[in-house]
Amino acid sequence: MDYFRAIYKADERSPRALRLTRRAIHLNPGNYTVWHFRRLVLEALNTDLDEELDFIQRIANSNSKNYQLWHHRRWVIERLGSNARAKELHLIKSILSLDVKNYHAWSHRQWVLQALGGWEDELDYCQQLLEQDIFNNSAWNQRYFVVTRSPFLGGLIAVRASEVRYSVEAIVANPNNECPWRYLRGLYKDDIESLVNDREISSVCLKPSQEFRDAVVALWTSDTHPLDADLATAICDILEHVDSLRASYWIWRKNKLPIAA
Amino acid sequence: MATRDPLDFDVGVEEDEDGAPSPSSPLSYFERDRHVAFFGMLYDLMPYHYQSQEINRLTLAFFTISGLHLLKALDRVDKDRVASWVLSFRAHPINQAELKNGQFYGFHGSRMSQFPPDENGVSVCNAGHLASTYCALAILKTVGFNILTIDKESILISMRNLQQPDGSFMPVHLGAETDLRFVYCAAAICFMLEDWSGMDREKTKDYILNCQSYDGGFGLMPGLESHGGGTYCAVASLRLMGYIEDDLLSKNATSSIINVPLLLDWCMQRQAIDGGFQGRANKSSDTCYAFWVGAVLRILGGYKFIDKIALRGFLLTCQSEFGGFSKYPRELPDLYHSYYGCTAFSLLEEPGLNPLCAELGMTDLAALGIL
């Protein structure tokens, strides 16, 4: 590290300085000063940035949860521009295929989409991941990100009907899966009234047993739009017993219910 | 041993990974003395396994020293020596004009990122970091040093250089990711220094609000999946900044700037069937989320709703016979999960532990300056 300090202080932007940063990064990949200096040297030497991506990839293979590494990668991609897009999205896919909930990879993917585009195939990708594992909340979150932000889908209202169908199907298939319930609620983010009044949803979700219980929990999250108070009370009573881990919570919720008219 | 710096590293010899001992059956109660021994060992000499985290030396020191304080074992710590050691990481500006040069004059994370002073006594190549600065101030408070006596102006004025147009914070001027973690560090620094001139509070608030996800939790950046750590950073920051009241649930929650019912429900669902807390939906329980999510519930006034017996049971399966806690049940302990295991037991009001200040992540005594 003394070599590094000396070369950094002298601001020597040379091939040997680049090699030294490589060594220092291997020893301590979290050292942001080294990464920063490496960027200065890369710029000064006009290095081939595709090679730099390979270098980053080799480091990532041993530790893909290093924040500096992902920041550095973003810096390189910014310089390569939209030419790097397809390759980058593909690379993130391969990282996610090994660790499908890698938060860094998802964060980087959202950045690439916003900075360079590539939205066209993203909904299909989410679909594919959810077919592999319908319990994967990272994929549900990405789906929400796409339907609310993709310039090709026309916004949340435009896709709502088909997304509601999709999430209701997922709920029916696995009523215990928290993700589609949250997603369904999210589709009506600022419009809970419509969610509560949608007959299609209530006819499917307000069936007895498991589905019935979960539906009311998901639907009823606002103090200002009460369901039928007797029904809600009944639900809280059920939950207090079947979801004993949260018994105190359901008792509290029940006591917060508005008095039935 | 006496000539070493506090929290010095063991040089280490490679050992056979397979030869590592595996913990036996869980212990049935909170083993305070073993934890004191565990943190005490790390205080005396940090094992070489932590060398790759050298850059975050002050963070490791914070976990160790605050851990001992939670365990009411601060007598293991040489307070004056620790205080002067921490102060030695400070990045000092040459003059007032430098405070506007884009850099941050907080604390360095370790000696490695710090350059020795030149012949004029000025240290060039500043790399002050927000997380290290939060940890430095937290350690100083823990050892009873009055942080209001340090040159706080230069920290606060130069911290504004790190705030981005969207309200988020970069941790270091050299360039790095911006997200809620550093928003939290900035808020905690302003709170501890009792001066909010270090940030544009409105902008910071807007950024935090943009991170609340459709399911009620907070992602680390706008658009990202709700996450226990992100949710803690968001809620604790809003609390420190005075945008939400303490014990919100006992008041009229619907008038809050965040969606409190949805947030509460999200937090409540994080307690899994094994009694532990998960950081995201449909993931495994992990010791540290008993703090990240538990502390959010404490701030909101909803901690009373969780199943404390089940949580305690889960945490005990992560307690190591060597002291400390692991991430998952029956694994070897590490410093990070050991610290958050102890904070979780403090939230559970375990006897033998000091009470926790949830929003600052340290003991109440240190937060209030009663030492």
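Chain A and chain B bury about 4700 Å² between them, with 56% of that on carbon and sulfur atoms; buried area here is the accessible area (1.4 Å probe) that two parts lose on being put together, summed over both. This is a predicted model, where local features need pLDDT of at least 70 and side-chain atom pairs count only at pLDDT 80 or more, while totals for chains, interfaces and linings use all residues. Residues are numbered from 1 along each chain as its sequence is written, and side-chain values use heavy atoms, leaving out hydrogens and water.

In terms of contact (heavy atoms within 4.5 Å), 47 residues of chain A meet 58 residues of chain B. There are 3 salt bridges between the chains, each a side-chain nitrogen of Lys or Arg within 4 Å of a carboxyl oxygen of Asp or Glu. One to look up is A:E178 with B:R270, at 2.8 Å, N to O. Several elements give two or more residues to chain A's side, among them α1, α3 and α9 (137–149) of chain A. Of these elements, α9(A) gives the most, with 7 residues.

Now for α3(A), residues 32–45. Helices are DSSP runs (H or I, at least four residues), numbered from the N terminus. Of the 14 residues in α3(A), 10 are buried, meaning under 20% relative accessible area (1.4 Å probe, protein chains only). A:W35, A:H36 and A:F37 are among them. The buried residues of α3(A) pack against several helices of chain A, including α1 (2–9) and α2 (15–27), together with α4 (130–142) of chain B. Just after α3(A), A:N46 takes a positive phi of about 55 degrees.

How values were computed: Chains lettered and ligands numbered in written order. Expected span 1.5 Å × (residues − 1). Buried < 20%, exposed > 50% of the residue type's maximum accessible area, 1.4 Å probe, protein only.
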